[in-house]
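User: I would like to learn how to read a few features of a protein model. Please take them one at a time, with the general idea before the case.

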Amino acid sequence: MELSIKFNIGSLTELSCRISLLALLCVMSFSSTDAYDALDPSGNITIKWDIMSWTSDGYIATLSILNFQKYRHIEAPGWKLGWTWAKSEVIWSMLGGQTVEQGDCSKFKGDIPHCCKKKPTVVDLLPAAPYTQRMANCCRGGVLSSWVQDPANALSSFQLTVGQAGTSNKTVRAPKDFTLKTPGPGYTCGPTQFVKPSKFKTPDRRRVTQALMSWQVSCTYSQFLAQKTPTCCVSLSSFYSETIVNCPACTCGCQNKVPQPAAGTCVGSVSSYLASALAIPSKINSYTPVVHCTSHMCPIRVHWHVKQNYKEYWRVKITITNFNYKMNYTQWNLVVQHPNFNHLTETFSFNYKPIIPYGLINDTAMLWGIKYYNDWLMQAGPDGFVQSELLFRKGKSFTFDKGWAFPQRIYFNGDVCVMPPPDQYPNLPNGSSSGIASLLGLLKLPILSLLLIFFSAP
């Protein structure tokens with residue numbers, strides 16, 4: 001008996017050690033997997049570095065930033081791309097972009113380089129840039145569309161002439177430690193990889209040329225790195241319940257009780273601080289939000305309202321409200337998970353495309369605004385919202401019971417929105433879908449009686 005007890009204690013100790021080791025491995029691997037997106041598993045931003053020709057002390061290269069993410073895009077003030085030179089390279093000149101700092105070029109006499117920094121940071125040119133400084137796929141102010149919304153504008157390019165570098169495939173060195181900010185953190189870039197030289201078709205598409213040498217870098221997004229707190233939340237309501245489920249309190253922060261709020265806190269619609277913040281145009285697209293004071297303190301709220309029930313269809317109304325006084329969301333998008341999207345019949349005033357990352361499971365939809373109509377979500381105020389309605393055909397699994405009519409998950413601009421707890425969802429009368437069916441049956445009886453009286457009258 002004593003031996004058996006010792007054996008069991010030893011087994012428990014061994015099991016405890018194994019569990020601790022497993023937990024440690026999970027924690028250690030979290031940093032490498034937190035950028036994984038189940039709805040867009042291969043989504044990334046790829047940077048291509050193509051050497052097009054050699055010069056007396058270096059080369060001319062074209063850099064391309066390609067957004068292969070389905071629904072995550074880069075808004076104004078746009079991307080910032082940085083790297084570290086492998087040797088003592090300088091940038092003599094650029095087209096389609098510019099570095100934010102020139103650096104110390106005092107050792108040069110005569111021609112002065114565009115940038116002498118060891119770690120340069122490049123930004124896109126603005127749309128009003130002179131024609132002599134432009135090139136193809138440049139000059140959008142760093143704005144990069146998502147691949148699904150606008151693939152033609154999911155590419156940005158610039159050209160640079162590099163000096164004090166190698167002049168052949170054997171002497172040139174690839175830059176390293178790439179960083180991509182949009183404008184804040186969020187993207188993590190991998191190592192520079194040598195790839196097959198890129199190929200290009202001439203304008204008449206009758207000849208193919210190729211780069212002398214090509215490198216590639218892949219950057220992936222992590223919402224945890226981008227911001228420590230959520231940026232949006234979801235509220236719910238339905239026609240069959242008087243309950244309106246608001247966003248959970250303090251979802252994105254709690255109200256600051258300091259009389260003069262600092263940037264990033266909340267203000268009232270008649271606050272003197274709000275007036276001063278909006279009086280400075282440069283602050284309209286600032287990275288740090290100034291939000292309207294609410295219980296949830298989120299810049300964005302998505303409201304899902306189950307609006308109507310028909311015999312074979314049901315209707316939902318979606319309203320996206322902007323509580324951020326310092327941000328106009330251009331080319332916004334919404335990704336919604338719901339099992340009935342395989343029976344979506346019609347969308348009103350929103351564009352729609354299914355997101356099907358795994359086989360034939362169609363339970364995810366991407367929604368975005370119609371160009372020149374509601375593709376801009378204006379800053380907080382009377383016009384700071386967009387809305388639309390969705391019409392679904394009832395499938396075999398359709399029910400209003402147990403919150404089935406509400407979404408499983410919602411993303412705004414690629415970031416997950418916080419949902420209310422399931423036990424707070426609006427409930428059906430009598431707790432089942434049969435309650436609505438019996439109610440509709442009762443309503444039909446008086447209508448049928450009136451029709452019989454009307455048609456039987458002389």
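User: How many nonpolar, polar and charged residues are in the lining of the second largest pocket?

Analyst: This is a predicted model. By class, five nonpolar, four polar and four charged residues form that lining. The space in the pocket is about 290 Å³. Of its 13 lining residues, those closest to the centre are Val143, Ser145, Thr330, Gln331 and Trp376. Domain 1 (44-225) and domain 2 (230-256 + 288-424) each supply at least three residues of the lining.

User: How is a pair of aromatic rings described?

Analyst: By the distance of the centres and the angle of the planes. The structure holds 26 aromatic pairs. In one of them, Phe239 and Phe400 have ring centres 5.6 Å apart and planes at 80 degrees, so the pair is edge-to-face. These two residues lie 161 residues apart, Phe239 in the loop between strands S14 and S15, Phe400 in the loop between S26 and S27.

User: In which order do the five strands of the open sheet run?

Analyst: Strands of a sheet pair through backbone hydrogen bonds, either parallel or antiparallel. Here the order is S23-S24-S21-S27-S28, with antiparallel pairing. Four bridges join S21 to S27, and Val336 has Ile410 in S27 as its bridge partner.

Technical notes
Residues numbered from 1 in each chain as written. Predicted model: local features only at pLDDT ≥ 70, side-chain atom pairs only at ≥ 80, totals over all residues. Heavy atoms only, no water. Pairing = 2+ DSSP bridges. 1 Å grid on protein atoms, 1.4 Å probe; cavity = no way out; pocket = protein on both sides within 12 Å on 5 of 7 lines; lining within 4 Å. Points joined across faces, edges and corners; volume = space filled by probe spheres on them. Nonpolar A, V, L, I, M, F, W, Y, C, P; charged D, E, K, R; others polar. Domains from an automatic or database assignment. Phe/Tyr/Trp six-rings, centres within 6.5 Å; stacked < 30°, edge-to-face > 60°.
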